[in-house]
Amino acid sequence: MKTIIKLICIVAALALVSCQGTWLMYDTSQKDRLYFEVLPTPEIVSFALITDETIDYKTTVKMMGMPVDYDRTFHIKYIPAEDGEVYNNGADNIPVLTAREGIDFSMEEELVIPAGAVETDVNITLQKTDEMSDNYIKLTFRIVEDEEFLPMDPDSTDLRAIASPQFSLLVNAGDPSCPYWWGYETSTDVMLGWQKTVGTFYPDKFRKMLDYYRAIENKNPSLYEQLLELYGENIDKEGLSLGFWQSENSAMWATYVLIPLYNYYKDYYEQHPDDPKKENFADRGTSGEYWANPLSMLR
């Protein structure tokens, strides 16, 4: 019995020493460390497929350390892009320009880790500018040491979420190209009017179409989830056929997207008769090139 009690005492003593050693490894006098979680390549935000002139973007700053019962401010510095920097988009090397605060972007002045929290969002407003059409505009921020915090050392152990003291974002606003599914063509490259329920392709029209498509999320969330699976957020799902909206969910496409799009531009061109992009409209089948009324898809 004495031997068993002695063994228990030895084990307890060893456990106490082990716990004390672990406790001593955490130095409460050290500053907490801040970091971003980033991907191996810079994130890209584009105005190409939206009609909005601004984008509200946020990134998260996380903390390694212990939360406290009061708000703590932290600081980041802005780092300009390197001279001659380019971004390869898979086909071309696109020039990269430094984003201009107050012109290309704006952000909140005071950054705070709230009481009891171990992370916070940094909110950035991106402003569409002409320079974004032919270039990528780059924003790079780095956490700096201050009285409360240290920047965390880079850690790429998990490539899906690299811990880094630095965060970069590329912004562009080039025009979208015409999707291959936009319309039918004859052997003489003349668009057949009765098949043109989306009219002639223009980048602005495509953006407006996407606005109506994405608005389904607020009107019918469950339907929109299904559409995302079938067509993608930008109607860019691989394998979509030419004029798919006439053979797949035609009533849905007509009701939510194509009829509103047709009516919008019909009213617009009536108010702007000198617009060089003005199209011909037809409610019934006729010869020639025109934008056919998608209302026929409901019949």
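Visitor: How many cavities of 30 Å³ or more does a search of the whole structure find?

Guide: This is a predicted model, in which local features need pLDDT of at least 70, side-chain atom pairs count only at pLDDT 80 or more, and totals for chains, interfaces and linings use all residues. Residues are numbered from 1 along each chain as its sequence is written, and side-chain values use heavy atoms, with hydrogens and water left out. A cavity is a set of points, on a 1 Å grid over the protein atoms alone, where a 1.4 Å probe fits but cannot get out. The number found at 30 Å³ or more is one.

Visitor: What is the volume of the largest cavity?

Guide: Grid points are joined across faces, edges and corners, and a volume is the space filled by probe spheres set on them. For the largest cavity, this volume is about 40 Å³.

Visitor: By class, what residues does the lining of the largest cavity have?

Guide: Lining residues have an atom within 4 Å of a point; here they are W181, V198, M209, I235, F244, W245, W253 and L258. Ala, Val, Leu, Ile, Met, Phe, Trp, Tyr, Cys and Pro count as nonpolar, Asp, Glu, Lys and Arg as charged, and the others, Gly among them, as polar. The lining holds no polar and no charged residues, and its nonpolar residues number eight.

Visitor: Is I235 buried or exposed?

Guide: I235 lies in the loop between α4 (221-231) and α5, and its phi is positive, near 50°, although it is not glycine. Buried means under 20% relative accessible area, exposed over 50%, and partly exposed in between (1.4 Å probe, protein chains only). Because its relative accessible area is 1%, I235 is buried.

Visitor: How does N249 count at 40% relative accessibility?

Guide: N249 also has a positive phi, about 50°, without being a glycine, and it is found in the loop between α5 and α6. Because its relative accessibility is 40%, N249 counts as partly exposed.

Visitor: Which element gives the most to the lining of the largest pocket?

Guide: A pocket is an open set of points with protein on both sides within 12 Å along at least five of seven lines, and the largest has about 340 Å³ of space. Of its 21 lining residues, the closest to its centre are V38, P42, Q166, F167 and S168. Strands (E, at least two residues) and helices (H or I, at least four) are DSSP runs numbered from the N terminus. With three residues, the element that gives the most is β14.

Visitor: Which residues touch the most other members of the largest nonpolar core?

Guide: A nonpolar core is a set of buried Ala, Val, Leu, Ile, Met, Phe, Trp, Tyr and Cys residues joined through side-chain atoms within 4.5 Å. The largest has 31 residues; apart from it lies another core of 29 residues, among them I235. In the largest core, the residues that touch the most other members are F74, I124, L126 and L139.

Visitor: What is the mean pLDDT of the chain?

Guide: The pLDDT is the predictor's confidence in each residue, from 0 to 100. It stays under 50 over residues 10-26, which have two contacts (heavy atoms within 4.5 Å) beyond four places in sequence. Where pLDDT is low, the predicted coordinates should not be read in detail. In the chain, 83% of residues reach 70 or more, and the mean pLDDT is 84.
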